[in-house]
Amino acid sequence: MARRQRVLITGGAGYIGAHTAAHLMDRKFEVSVLDNLSTGTRDALNRAQRIAAKDLDFYEIDLRDADATINAVRAAQPDVVIHLAGSKSVAQSVESPEEFKINNVQTTVNLISAMGQCGVRQVVFASTASVYGEPKTGDPVSENDAIAPESPYAQTKVTSEALLNDFGRAYSASVVHLRFFNVCGAHASGLLGEATSPATNLMPILMKRSQENAPSITVFGTDWPTPDGSCIRDYVHVEDVVLGIRLALAYAPRIVGHEVFNLGTERGSSVLEVIAAVESATGRPIQARPGPRRAGDPSRYIANCARAHQILGWHPQWTLTDMAHHAWLWQQSSAS
Ligand SMILES: NC(=O)c1ccc[n+]([C@@H]2O[C@H](COP(=O)([O-])OP(=O)(O)OC[C@H]3O[C@@H](n4cnc5c(N)ncnc54)[C@H](O)[C@@H]3O)[C@@H](O)[C@H]2O)c1
C-alpha cells in the first residue's frame, strides 16, 4: 500500500491554513503544522481536527528562528511544504516595512534553508494578486502580466517567489506559486472561518458590522467607471483556494523549477454587490455611505485563471452568495 503523503503547512493555524489542514487530513494526507500563533490560533487547529476527525502534529515555532525551523522540518520529514505563514496586512507593511520584510522574507529564507538541508524538494507557496500592482486596463490579470508591486507587502511576496525560484533551480526542486485574489468565506459547516478582530478585508468587516445595531459602511468611491460606480474585485471562496492548493500538490511532482497560477473566480463583484450578498445572508440591512475614492485603488481587478483551469484542472465552485452565507454561519457560531 502506498505511503500517505506527508505535508507540512507553515501558517497552518491561520485562516487559509486551517481550512487546508482540515481538507488534506480528510483526503488522507498526513499533516503537520508549523505556526507561531501570531495571528493563527490553537482553536483553529482544534476545529480543523474536529472537522476531519483526525489528528495533526503541531510545531509551535517561529520561522524567524532558523534553528528551530530546521529542527521542526527535520522532525516533520515532509514530502512537500505548503508555505502560507507570514503577515498579510498591506497597511501594516506600509507602517513597518522592515519588520514586515523579516516576517515574510527572512522566514522564507529560513524555510528554504531548512528544506535544502532536510531533503524537501517540493513547495507550494501562497503568493498574492497584488504582485501585479495596479492594472493598466480593466482586463483580467494573467500570469504573463508585468510584476509591479506597489506595497511593501506585495514586494515581500515578489522577493519570496524569487528566492523560491532560486531554490527550485539549485536543488532541481518543484515550486508552485499560487497567486490568490480576494479570499473569503468559511467552511460550509460554519466551524472554521476568518478571524474578524481585527477585520481588515471587506467581507469580514461586513460580517462584524452586521452584528451591530444599525450597521453601516463607507464605500470608497461610488463614481468609478463600473456599472454601479463601486470598485470591482475578484472574490474567491477559501474552500476553492484549498482545492487549488491540493491540485497544486498533485501537480508539483510533475515539474522541475517553478510555475505560477492565479486563483480567482474570473467573476468580478462590486462593493455594492458584496454588501447586497451579505445583507441577503444575514437578513440585516447595511447602510452604504458614499465616501471618497482611496488613492491607489484600481476600479476593477479580476483574475484570468486559464492556466489553473487548463493545467491544474481547477474550477472554483462556490459563489459570492455561498461566501457570504458560510461566513455568516461562522460569524454567528464563533467569531468574536
Ligand atoms: N487571505 C487572503 O485574502 C490572501 C490573499 C493573498 C495571499 N494570501 C497569503 O496567504 C497566506 C495565508 O493567509 P491567511 O489569510 O490565512 O492569513 P493568516 O494571518 O490567517 O495566517 C497566517 C499564519 O501564519 C502564521 N505566522 C505568521 N508569521 C509567522 C512566523 N514568523 N512563524 C510562524 N508562523 C507565522 C500566523 O500565526 C498565521 O497562523 C499569507 O501568506 C497571505 O499573504 C492571503
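**Working chat on a predicted model**

Biologist: Is Asp166 buried, exposed or partly exposed?
Modeller: Asp166 counts as partly exposed because it has 13 C-beta neighbours inside 10 Å; with C-beta atoms placed from the backbone, 20 or more others within 10 Å make a residue buried, 12 or fewer make it exposed, and partly exposed lies in between. This is a predicted model, in which local features need pLDDT of at least 70 and side-chain atom pairs count only at pLDDT 80 or more, while totals for chains, interfaces and linings use all residues. Residues are numbered from 1 along each chain as its sequence is written.

Biologist: Which helix is Asp166 found in?
Modeller: Asp166 belongs to helix 6, residues 152-171; helices (H or I, at least four residues) and strands (E, at least two) are DSSP runs, numbered from the N terminus. Lys88 is 78 residues away from Asp166 along the chain, and their C-alpha atoms are separated by 23 Å.

Biologist: And where is the place of Ile286?
Modeller: Ile286 sits in the loop that links helix 9 (271-282) with strand 12 (287-291). Because 18 other C-beta atoms lie within 10 Å of it, Ile286 is partly exposed.

Biologist: What does Ile286 touch, not counting residues up to four places away in sequence?
Modeller: Leaving out those sequence neighbours, Ile286 touches Leu206, Arg209, Ser210, Pro215, Ser216, Ile217, Ile275, Val278 and Glu279, where contact requires C-beta atoms, placed from the backbone, within 7 Å of each other. His187, for its part, is 99 residues from Ile286 in sequence and 24 Å from it in space, C-alpha to C-alpha.

Biologist: Changing topic, how many strands form the open sheet, and in what order?
Modeller: Seven strands make it up in the order 3-2-1-4-5-6-10, with parallel pairing; two strands pair if DSSP finds at least two bridges between them. The edges are strand 3 (57-60) and strand 10 (257-263), each of which pairs on one side only.

Biologist: What do strands of a sheet pair through, in general?
Modeller: They pair through backbone hydrogen bonds, in either a parallel or an antiparallel sense.

Biologist: How many bridges does strand 2 have with strand 3?
Modeller: Strand 2 (residues 30-35) pairs with strand 3 in the parallel sense over four bridges, and Asp57 in strand 3 is the bridge partner of Ser32. Five bridges join strand 2 to strand 1, again running parallel, and there Leu34 of strand 2 stands opposite Thr10.

Biologist: Why is strand 2 largely enclosed by the rest of the structure?
Modeller: Six of the six residues of strand 2 are buried, so the rest of the structure largely encloses it. Glu30, Ser32 and Leu34 are on one side of strand 2, Val31, Val33 and Asp35 are on the other, and all are buried, leaving both faces covered.

Biologist: How many residues of strand 1 are buried?
Modeller: Strand 1 is mostly covered, with four of its five residues buried. Strand 1 pairs with strand 4 in the parallel sense over four bridges, and Val7 stands opposite Val80 of strand 4.

Biologist: Which residues cover the two faces of strand 4?
Modeller: Val80 and Ile82 lie on one side of strand 4 and Val81 and His83 on the other, all of them buried. Strand 4 also pairs in the parallel sense with strand 5, over three bridges, and His83 stands opposite Phe125 in strand 5.

Biologist: Which residues touch the most other members of the largest nonpolar core?
Modeller: That core has 99 residues, and Ala21, Val124, Leu178, Met203 and Val274 touch the most other members; such a core is a set of buried Ala, Val, Leu, Ile, Met, Phe, Trp, Tyr and Cys residues joined through C-beta atoms within 7 Å. Helix 8 (residues 238-251) gives the largest share of this core, eight residues. Not counting residues up to four places away in sequence, Val124 touches Val80, Ile82, Val176, Leu178, Ile245, Ala248, Leu249 and Ala252.

Biologist: Last one: which residues come nearest to the ligand?
Modeller: Of the 26 residues around the ligand, Gly11, Gly14, Gly40, Ala126 and Val183 come nearest, a residue being near if its C-beta atom, placed from the backbone, lies within 6 Å of the molecule. Helix 1 (15-26), helix 5 (97-118), strand 5 (122-128) and strand 7 (182-184) are the elements that give two or more residues to this shell, and helix 1 gives the most, with three residues.

Technical notes:
Two residues are in contact if their C-beta atoms, placed from the backbone, lie within 7 Å.
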